[in-house]
Amino acid sequence: MDETDPDFRPDSHPRPAPRRSAIDWEDVREGLAQRRAILEETFAGRGPWADALLDRRTEHLAEPPPVLDGEDTGIPMLVARGAATLYGLELRHLGHIAPMPRLARVPGAPPAMLGVIAVGGRVMRLFDLDRLCGGPGALPAGDGGAAGGAAEPGYALVLRTGSGRPAALRLHAVERVASIAPQRAAPAEAGPLVKAIAADRMAILDMAALLDVVKS
């Protein structure tokens with residue numbers, strides 16, 4: 001309405017500006033604290049978000065990788081030599097390899113058990129792989145060398161025995177790590193610990209059976 005209009009009456013009580021709602025700073029601080037706690041749990045590998053991520057990762061790792069045309073479908077193995085045999089041992093059952101440490105003979109031990117050694121601060125039994133597989137061992141069966149004598153040539157291959165007794169295998173030489181595809185089943189005369197034969201007459205070991213023997 002125009003102010004020149006005689007009926008115009010100025011509002012003696014102007015409307016107040018709308019008030020902004022008050023901020024509850026306590027709620028803001030509490031929300032920030034909760035978010036920070038969630039982030040800290042997540043980065044520490046805890047909490048529902050981290051659990052869900054780990055579950056998805058576990059499912060992803062459990063899925064077999066896709067096989068492409070022409071791709072090698074062999075099994076990752078350590079290729080190692082005994083006295084006269086080339087062996088293939090699945091990597092997932094192996095710990096680490098060390099040059100042969102000093103060997104302490106154990107009187108009355110079975111022929112395949114050479115004695116005990118210490119690797120990485122752990123005392124474990126050492127088995128001759130050739131003898132386990134029924135072949136000639138590197139050392140004469142009756143050799144009882146002095147405890148703590150000079151280190152033998154070759155290598156000690158520590159096995160992953162889980163909760164079982166720690167054990168290692170005596171090897172003459174370690175050649176390589178390779179993806180090996182078994183070509184045919186092993187003949188009966190190869191013994192119970194050899195499950196297949198690959199190229200170069202390589203004996204592919206049945207690691208589950210071998211671990212049962214050395215953990216017993």
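Two residues are in contact here when their heavy atoms lie within 4.5 Å. Keep that in mind for the views below, which come from a predicted model.

**View 1. Who does L169 touch?** Which residues is L169 in contact with, leaving aside its neighbours within four places in sequence? The list runs L89, L126, F127, L129, L132, Y155, A156, L157, L159 and L210.

**View 2. Here is the largest nonpolar core.** This core has 25 residues, and L89, L129, L159, L169, L205 and V214 touch the most other members. At least two core residues come from each of several helices and strands, including β1 (75–81), β2 (86–90), β7 (167–171) and α3 (129–132). The top supplier is α4, which gives four residues.

**View 3. Take a look into the largest pocket.** Its volume is about 360 Å³. Of the 17 lining residues, T85, A190, V194, I197 and A203 are the closest to the pocket's centre. Sorted by class, the lining has ten nonpolar, three polar and four charged residues.

View 4. For the protein, the mean pLDDT is 77, with 65% of residues at 70 or more. Over residues 65–71, pLDDT stays under 50, and the model has two contacts beyond four places in sequence for them. Residues 138–150 also stay under 50, but the model has 23 such contacts for this stretch.

Notes:
Residues numbered from 1 in each chain as written. Predicted model: local features only at pLDDT ≥ 70, side-chain atom pairs only at ≥ 80, totals over all residues. Heavy atoms only, no water. pLDDT = per-residue confidence, 0-100. 1 Å grid on protein atoms, 1.4 Å probe; cavity = no way out; pocket = protein on both sides within 12 Å on 5 of 7 lines; lining within 4 Å. Points joined across faces, edges and corners; volume = space filled by probe spheres on them. Nonpolar A, V, L, I, M, F, W, Y, C, P; charged D, E, K, R; others polar. Core = buried A, V, L, I, M, F, W, Y, C linked by side-chain atoms within 4.5 Å. Buried < 20%, exposed > 50% of the residue type's maximum accessible area, 1.4 Å probe, protein only.
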